[in-house]
Every structure is written in C-alpha cells, then in structure tokens.
Amino acid sequence: MKSLAELQAIRDRARAQIELRQENPNAAKVLVGMATCGIAAGARPVLNAFTEEIAKRGLTKDVTVTQTGCIGICQYEPVVEVEVPGQEKVTYVKVAPEMVPRIVNDHLVNHNVVTEYTIGAIK
Amino acid sequence: MRELSLNVMDVAQNSVRAQASLIYITVTESDKEDNLTITISDNGCGMTDEQVQQVIDPFFTTRTTRKVGLGVPLFKLSAEQTGGSFDIKSKLGEGTATTASYVKSSVDMTPLGDINDTVKILIQCNPDIDFVFTHSTDLDSFTLDTRELREILAGVPLDTPDVLEWIRQFLEENTQNIYGGAEK
C-alpha cells in the first residue's frame, strides 16, 4: 500500500527542484477545454495524454497542462489551446489522444504549429 | 456522458467556479441495498432557492459564451432514469451539496467509470483547492484528504508530477481493496 512516508520522500526530492520550477516565466501553456461539452466529447483522455507525453519527454518545467472552461465552440470539442510565450495562441480542435504526441513534438518542442489540426483547417 | 465519473468532474467544476476552497466527493456503493450514491458538496458561494431551481433547467446558464447549461440536468437525468433520485441543497454564503442516488441494477444505470481519474484530474487542475474523496462499498471504504497530504508536503504543490503519481497509485490500490481485490 502507498504510505505517507513515501510522500515525504517525494516532498524532499521535489523541494530540491522546486526553485527551478517556479523560475520559469517562459513556460508554455496547454489548456484543455473541460466544460460539459469537452468532457462529453472525450477531453479527459486528451488531458491525460498531454500530461503523460510531457512527463515522458521531461518537459514538466517548460510546459504546464491545465483545464479551461467552454470557449463557445462546443461542436469542435475536445478543444485544446496552446500558448507558447511570444507566439500567437493556437486552437486545436477535435483533438484525440493519438494526436497529442505530434502536437507536443512539433509545436511545443520544435515550435511548428500542426496546422492541419487547428480550427483554421476545419472551418 | 458515458461514465458517471465524467458527470462528477463536470459538476465539481461548478464548485470550483463557486470559489470553494474545500470540496467533498463521496461515492457510496452497496450491492446489498442495490444503490449507488454520489454526493458533491462544497463551501463555495452557494445559491438562492430560486437559483437552485434555475440550474436544473437546461436552458439556464450563468455563462455568456452559449445559451444552454447541461451539467446539472445531465447529472439529474442519469440518476432519475435508473429510478433513483436527485437533490441540490444550497445556502447562500455557505455552500452547495448535490446528491445523485442510483438504482444500481437498473438497465439504464450508467457505469461509474474511472472515478479515480476524475479525482486525480480535479486535484491536478485545481492544486489550491482541497478535496476530500471517500469511496465505500459493502466491504470497506477509504478516504483521500488533500489537507492531510498538504500537511506532509509542506509547501510542495499537489500538482507536482511525482505527487500526482503517488495519488494515482494510492487511489488505485485502495479501490482494489474496497472491491475485494488482492492486496499488494
């Protein structure tokens, strides 16, 4: 069983790294739409896929993954907004977990927007 | 919604928006009593009696981005279609408690689904809010209280990846236990 002692060990390890984490004003943001519409369309596995892919690539200090509400385009859910500092915000639509590694690799790592997944490509 | 856990995630976000600092999520299952009850309660801003009536109406929402609000109506439907019941109790300035009660054996019962994933994501996305999650069956029950975790973590945020992984495993192991699975 998971013990609280284990949590203490995690705390001590995290403390050593925590300053690095807070001193990153240039962190990119991934916002997953998680209102009723997003959740019903399958946003939860998408958010998990982003979290996993970002952890796998060791990008947790450079990218934050969080949820946002409904931005009014429910027909295109799951909707994911990617904000890289200094660049225009990009809105990806009808995102499936299979699309996530490519968005992380192309957009968040190499700063090339995956144009065919964006709202511009669908409209 | 394909899983009740998704309704829970949806409705819990109303508590987040109501500026709650503490949210209780309680799932009580009983095969003996053929019942599953989900309660989401918070210490947020609460609602007037009139507002409580409004949130049950699908054509009411406080949002300006669209004209419908389906979170609460879908949750209510999921319970009532099994022959269960649904209730919202709220007091302005004190908080809100939403309870959905299901007849487990009903053909129209929606599976609970991955409730642990819901709890983990709620903590991940709202690391400054405290969650108390209790899940019980006829066999046993367990509670995850982020206030206790916070005390041990002493300033390390709950959304630290290693902490979230600990939470995930804690939930998984305890869930196996209350469903009578083998202990690791």
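This report walks through a core, a helix pair and some backbone details of a predicted model.

## Nonpolar core

Let's start inside. The largest nonpolar core holds 65 residues. Those with the most contacts inside this core are A:Val32, A:Val46, A:Phe50 and A:Val80, together with B:Val8, B:Ile25 and B:Val119.

Leaving aside residues up to four places away in sequence, A:Val80 touches A:Val30, A:Leu31, A:Val32, A:Val46, A:Tyr92 and A:Val95.

## A helix pair in chain B

In chain B, helix 4 (residues 115-125) packs with helix 6 (residues 161-178) at an angle of about 155 degrees, and their axes are 10 Å apart. Angles over 145 degrees count as roughly antiparallel, so that is how helix 4 and helix 6 of chain B run relative to each other. The crossing of helix 4 of chain B past helix 6 of chain B is right-handed.

Helix 4 of chain B brings B:Asn116, B:Val119, B:Lys120, B:Ile123 and B:Gln124 to the contact, while helix 6 of chain B supplies B:Leu164, B:Ile167, B:Arg168, B:Leu171, B:Glu172 and B:Thr175. By type, the residues of this contact are 5 nonpolar, 3 polar and 3 charged.

## Backbone details

In chain A, the peptide bond joining A:Glu77 and A:Pro78 is cis, with omega about -5 degrees. A:Pro78 sits in the loop between strand 2 (63-68) and strand 3 (80-83) of chain A.

B:Gln19 belongs to the loop between helix 1 (4-17) and strand 1 (22-30) of chain B, and is exposed, with 11 other C-beta atoms within 10 Å. B:Asp34 lies in the loop between strand 1 and strand 2 (35-42) of chain B, and is partly exposed, with 14 other C-beta atoms within 10 Å.

Notes: Residues are numbered from 1 along each chain as its sequence is written. Chains are lettered from A and ligands numbered from 1 in the order in which they are written. This is a predicted model: local features need pLDDT of at least 70, side-chain atom pairs count only at pLDDT 80 or more; totals for chains, interfaces and linings use all residues. A nonpolar core is a set of buried Ala, Val, Leu, Ile, Met, Phe, Trp, Tyr and Cys residues joined through C-beta atoms within 7 Å. A residue is buried if 20 or more other C-beta atoms lie within 10 Å of its own, exposed if 12 or fewer, and partly exposed in between; C-beta atoms are placed from the backbone. Two residues are in contact if their C-beta atoms, placed from the backbone, lie within 7 Å. Axes are lines fitted to C-alpha atoms, for helices over the stretch in contact, and angles run from 0 to 180 degrees between N-to-C directions. Helices (H or I, at least four residues) and strands (E, at least two) are DSSP runs, numbered from the N terminus. Angles under 35 degrees count as roughly parallel, over 145 as roughly antiparallel, 65 to 115 as roughly perpendicular and the rest as oblique. A crossing is left-handed if the near helix is turned anticlockwise from the far one by less than a right angle, and right-handed if clockwise. Ala, Val, Leu, Ile, Met, Phe, Trp, Tyr, Cys and Pro count as nonpolar, Asp, Glu, Lys and Arg as charged, and the others, Gly among them, as polar.
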